[in-house]
Amino acid sequence: MQNDNLVTMKIYLKTCHRNFRFMNTNIGKNAASSIRRILPYVLTAFGLLTVASCGDSKRKAYEKAVVEWTGKRILFPDSMRLVGGEIITKPEADFTIVSYYDSIGCSECRMKLQFWNEFMQRVDSVRGDKTVNLMMIAASVFEKDLERIQKYDDFKYNIIYDPKDHINSLNLFPVDDSMRTFLIDKNNKVLTFGNPIQNKRLFNLYLSIIGKSENNIENDREWIEYSYDFGNVKSGESVSHTFSMKNESSDTLRVREVISSCECTEGTVIPTIIPPGSPYRVEVSFRETIPDSFLRSVMVYFENQTSPLLRFEVTGQVTTN
């Protein structure tokens with residue numbers, strides 16, 4: 001698998017080189033400018049390859065998106081309405097993370113506000129004197145639901161209420177959900193894109209651009225990830241998977257909190273007090289009625305935690321039959 005990734009990376013490097021050489025010729029940029037721009041471009045392409053298992057058509061879609069969106073300016077209306085009614089203009093900042101969600105499916109499941117809270121805490125720890133904003137754009141017409149999840153998750157960042165999908169009409173965001181989150185600079189130009197709360201490579205990439213070297217961030221190991229694919233799940237069917245774990249540390253683990261990405265997913269740790277060397281189980285259950293592919297996550301937090309967080313992901317496809 002590692003060799004396959006290296007081969008794919010070389011293909012993308014060649015593609016990036018051709019595209020930037022072409023762009024450079026047409027817009028008259030000098031070589032130094034091209035080098036500065038190519039770094040996030042290539043890293044984005046490599047990071048996006050880890051979001052899903054890609055066939056040729058998927059890789060071509062990502063390649064096209066990288067060419068189209070890197071360096072593109074995100075457009076915002078003169079004024080925007082927040083969930084709750086306040087009218088704002090886009091806040092000024094060195095960096096802004098923009099994440100767009102259309103009206104399809106469960107907003108709570110897709111937005112994962114608790115995970116964004118965790119990510120922004122990490123951003124605050126590396127940003128130094130730079131300013132970083134987070135803007136969630138929700139095209140949902142159900143403002144009360146958005147207010148409820150914002151309050152429930154204690155989410156302090158901006159959620160733009162856009163029931164007429166005006167911001168998307170200005171920008172025509174990618175159809176693929178995994179490509180609808182953008183890191184933009186103070187001039188609203190895209191530095192990189194992809195959802196950092198769903199992918200460790202993108203998590204590290206965002207942090208490296210905002211304020212810390214990628215090598216150091218890779219060594220931080222923010223979480224250890226375990227995954228299971230349910231395959232096809234009938235609409236309304238409840239399914240579960242048990243992850244068998246062991247406390248490999250020399251300390252007794254005490255479960256402080258288990259956070260799931262939405263109400264349709266639940267995580268349980270048994271037992272909640274785990275002596276050194278002892279086994280324990282993490283059960284993740286899932287139930288959804290809306291047909292669609294899904295990726296849901298559960299994070300396990302221990303008291304006085306010094307080791308990386310544990311993240312358990314379940315994936316699959318909800319079907320009607």
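Is F155 buried or exposed in this structure? F155 counts as buried, because its relative accessibility is 4%, and buried means under 20%. The structure under discussion is a predicted model. The sections below begin with the aromatic rings and then turn to strand pairing, a pocket and the backbone.

## Aromatic pairs

The structure contains 13 aromatic pairs. One of them joins F155 to Y157 in an edge-to-face arrangement, with 5.4 Å from centre to centre and 65° between the planes.

Y226 and F312 form a stacked pair, because their ring centres are 5.3 Å apart and their planes stand at 15°; planes under 30 degrees apart count as stacked. Y226 belongs to strand 8 and F312 to strand 15 (residues 309-319), so this pair ties together parts that lie 86 residues apart in sequence. With a relative accessible area of 29%, Y226 is partly exposed, while F312 is buried at 0% relative accessibility.

## An aromatic cluster and charges over rings

One aromatic cluster is formed by W69, Y100, F173, F182 and F193. A charged residue is also found at W69: K72 lies over the face of this ring, at 4.0 Å from the ring centre.

A further ring with a charge over its face is that of F115. Here the residue is R311, at 5.2 Å from the ring centre.

## Pairing of strand 10

Strand 10 spans residues 253-260 and pairs with strand 12 (residues 273-274) in the antiparallel sense, over two bridges. Within this pairing, I273 of strand 12 is the bridge partner of R254.

Strand 10 also pairs with strand 14 (residues 292-302), again in the antiparallel sense, over five bridges. In this pairing V258 stands opposite V300 of strand 14.

## The second largest pocket

What elements give two or more residues to the lining of the second largest pocket? This pocket holds about 430 Å³ of space, and the elements in question are strand 8 (223-234), strand 9 (238-246) and strand 10.

The lining consists of 20 residues, and those nearest the centre of the pocket are N247, S249, L253, F302 and S307. By class, the lining comprises eight nonpolar, seven polar and five charged residues.

## Backbone features in loops

The peptide bond that joins I270 and P271 is cis, with omega of about -10°. P271 is located in the loop between strand 11 (265-270) and strand 12.

Where is K112 placed? K112 lies in the loop between helix 4 (107-111) and helix 5 (113-126). Although K112 is not a glycine, its phi is positive, at about 50°. K112 counts as buried, because its relative accessibility is 3%.

D154 likewise has a positive phi, near 50°, and is a residue other than glycine. Its place is in the loop between helix 6 (143-152) and strand 5 (158-161). With a relative accessible area of 46%, D154 is partly exposed, whereas K112 is buried at 3%.

How values were computed:
Residues numbered from 1 in each chain as written. Predicted model: local features only at pLDDT ≥ 70, side-chain atom pairs only at ≥ 80, totals over all residues. Heavy atoms only, no water. Pairing = 2+ DSSP bridges. Helix = DSSP H or I, 4+ residues; strand = E, 2+ residues; numbered from the N terminus. 1 Å grid on protein atoms, 1.4 Å probe; cavity = no way out; pocket = protein on both sides within 12 Å on 5 of 7 lines; lining within 4 Å. Points joined across faces, edges and corners; volume = space filled by probe spheres on them. Nonpolar A, V, L, I, M, F, W, Y, C, P; charged D, E, K, R; others polar. Phe/Tyr/Trp six-rings, centres within 6.5 Å; stacked < 30°, edge-to-face > 60°. Buried < 20%, exposed > 50% of the residue type's maximum accessible area, 1.4 Å probe, protein only. Lys NZ or Arg CZ within 6 Å of the ring centre and 35° of its normal.
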